[in-house]
Amino acid sequence: SRVNVRHSTRLAFWLALVALLTLVQIYGRYVADEAELDDPLYSSSFAAASLFQWVLLGAVALAVAGGAWSLFALRRPHRVGRATFVALGTFLLTAAVGALLSWLSLNPSREQGLVPDEWPPPDNAVFAINVALVVLVGPFVEEMLFRGLGFSLLRPYGRLTAILGSAAAFAAVHGLLEGFVLIFVLGTGLAIMRELTDSTIPGFVLHATFNAIAIAGAAASAAGS
């Protein structure tokens, strides 16, 4: 039917977008011979590039949805009590996986390159803008792209496909090798919350909280070093 063709087309575009973002991240991180930006959270150019990236991805997500706003699941959540337990479990499991990776001498935070080496920041305003982008703007766009659009497009193929598929895509586009498992665990918890609540709002709250704690921990580490 016409609806099924439209759904398949949207899914194909979403999968192509995920593949493209993954390749770009891997190429930029491990293949391209480019000097890494020191302390990107202190950089105004990083803020401008991040803002452009999130606006562009948001626009692409809207284009893929083609006016089907319900795909983004921006609605009042159900089963908030259960979702709270899932959020707590996701946070604890993610922390445990992070500790295990650290014990294995792996450092996803360092691999991602956002951990500052110095404290305090040279420009508080630039740092505040970057924190807002990482804690609020980034998680919002990612939730719309993965737990919103991606989850909705995968859900007709089964609950497990939607949960694991959206989590795998979420982990892949970060382009991290050491951090893939950690991000996959977080993405799985976020997808379970999406399934339970039929909304992306609780996942956004958890995602934003997770990023905020990560930045606070990195800042504390830099301040103590």
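1. A168 is partly exposed, because its relative accessible area is 30%, where buried means under 20%, exposed means over 50% and partly exposed lies in between, with a 1.4 Å probe and protein chains only. A168 is found in helix α6, helices being DSSP runs of H or I with at least four residues, strands being runs of E with at least two, and both numbered from the N terminus. Leaving aside neighbours within four places in sequence, A168 is in contact with F180 and F184, contact meaning heavy atoms within 4.5 Å. The C-alpha atoms of A168 and I183 are separated by 8.6 Å, and these two residues are 15 apart along the chain.

2. A word on the basis of these values: this is a predicted model, in which local features need pLDDT of at least 70 and side-chain atom pairs count only at pLDDT 80 or more, while totals for chains, interfaces and linings use all residues. Residues are numbered from 1 along each chain as its sequence is written, and side-chain values use heavy atoms, with hydrogens and water left out.

3. T94 is found in helix α3 and is buried, as its relative accessible area is 2%. When neighbours within four places in sequence are left aside, the contacts of T94 are L182, V185, L186 and F210.

4. Which helices each supply at least two residues of the lining of the second largest pocket? They are α3 and α8, the latter spanning 201-224. The pocket has a volume of about 190 Å³, and its lining consists of V80, A83, T84, A87, F91, M193, P202, V205, L206, T209 and I213. For reference, the search runs on a 1 Å grid over the protein atoms alone; a cavity is a set of points where a 1.4 Å probe fits but cannot get out, a pocket is an open set with protein on both sides within 12 Å along at least five of seven lines, and lining residues have an atom within 4 Å of a point. Grid points are joined across faces, edges and corners, and the volume is the space filled by probe spheres set on the points.

5. The count of salt bridges comes to 5, a salt bridge being a side-chain nitrogen of Lys or Arg within 4 Å of a carboxyl oxygen of Asp or Glu. One of them joins R75 to D198, with the closest N and O atoms 3.0 Å apart. R75 counts as partly exposed because its relative accessibility is 30%, and D198 is partly exposed with a relative accessible area of 30%. A network of salt bridges links R75, R194 and D198.

6. R147 and E143 also form a salt bridge, the closest N and O atoms being 2.6 Å apart. These residues are separated by about one helical turn, because they lie 4 residues apart in helix α5, which covers residues 124-154. Both R147 and E143 are buried.

7. E195 and R155 meet through their side chains in a salt bridge, at 2.9 Å from N to O. Here too distant parts of the chain are linked, E195 being in helix α7 and R155 in the loop between α5 and α6, 40 residues apart. R155 is partly exposed, with a relative accessible area of 29%.

8. S70 is found in the loop between α2 (44-65) and α3 (80-103). Not counting residues up to four places away in sequence, S70 touches R75 and S152.

9. Some backbone details deserve a check. W119 and P120 are joined by a cis peptide bond, with omega about 5°, and P120 lies in the loop between α4 (108-112) and α5. S105 is not a glycine, yet has a positive phi of about 65°; S105 is placed in the loop between α3 and α4 and is exposed, with a relative accessible area of 66%. D198 is likewise a residue other than glycine with a positive phi, near 55°.
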